Amino acid sequence: IVDRVREYGKGRRRAEALSVAEAVGEAFRQFRVSRRAKGAKLSLELPPQTEGLLVRMDPLDLRLVIVNLLANAVDAASKSPFPEVKLEVAPAPDRKTVEIRVEDNGPKLPDEAYAQLGLTPGKSSKAQGLGLGLMIVKALLEAALGSIRFERIEPAGLRAIVSLPAEEKKENEKEKP
């Protein structure tokens, strides 16, 4: 952990080609069995078009992004009578970008809170939260040449959309176990 923090502090990151379907699926499965899932109905959509799509990122960084967004979504959805969170992976039509979408059915965010999402350290609504999660997510994504944006869902809820550059699998590239 200390070595990893030092690498971050020096601006060095490990990046490797990851199967986006496998990496997102694994992060989802780990989150689902954790206590952070808090009884919300969780679903994962990995359409066949995601098969063979790669993203270049540190595996731990991608897992941190997914887990943070899922935890935020579950927290928001828990304020709904029937909390639901959906994680979906979708390639852009040109297959040059992969989108990872996390959406919840939580209450509508006030305009001020919505406008500040991921921009500044905020006051966390979670007892143990520091208000830094989305800023860290944004930094990890930017290091991988990705981005995050948010959309409101009507009548309530929020969708976080992560965009990462996609790589096609090379013929001589071996499958990871």
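Among contacts (heavy atoms within 4.5 Å) in the protein chain between residues at least 6 apart in sequence, 67% join residues at least 24 apart. The model is a predicted one, in which local features need pLDDT of at least 70 and side-chain atom pairs count only at pLDDT 80 or more, whereas totals for chains, interfaces and linings use all residues. Residues are numbered from 1 along each chain as its sequence is written, and side-chain values use heavy atoms, with hydrogens and water left out.

Five helices and seven strands form the secondary structure of the protein chain, arranged along the sequence as α-β-α-β-β-α-β-β-α-α-β-β. Here helices (H or I, at least four residues) and strands (E, at least two) are DSSP runs, numbered from the N terminus. Of the 177 residues in the protein chain, 38% are buried; buried means under 20% relative accessible area, exposed over 50%, and partly exposed in between, with a 1.4 Å probe and protein chains only. The accessible surface of the chain is about 10600 Å², and carbon and sulfur atoms contribute 55% of that area. Accessible areas come from the Shrake-Rupley method with a 1.4 Å probe, and for residues only the protein chains shown count as cover.

Val20, Ala21, Val24, Gly25, Ala27, Phe28 and Phe31 are buried in H2. These residues lie on the same side of H2, because they cover an arc of only 165° around the axis, the arc being that of the directions from the helix axis to the C-beta atoms. Their packing partners include strand S1 (16-19), helix H3 (59-77) and strand S5 (97-104).

Turning to charged side chains, the whole structure holds 10 salt bridges, each defined as a side-chain nitrogen of Lys or Arg within 4 Å of a carboxyl oxygen of Asp or Glu. Glutamate 99 pairs with arginine 101 at 2.8 Å, N to O, and with arginine 149 at 3.4 Å, N to O. Arginine 149 lies in strand S6 (residues 147-152) and glutamate 99 in strand S5, so this second pair ties together parts that are 50 residues apart in sequence. Glutamate 99 is buried, at 17% relative accessible area, while arginine 101 is partly exposed at 21%, and arginine 149 is partly exposed at 37%. A network of salt bridges links Glu88, Glu99, Arg101 and Arg149.
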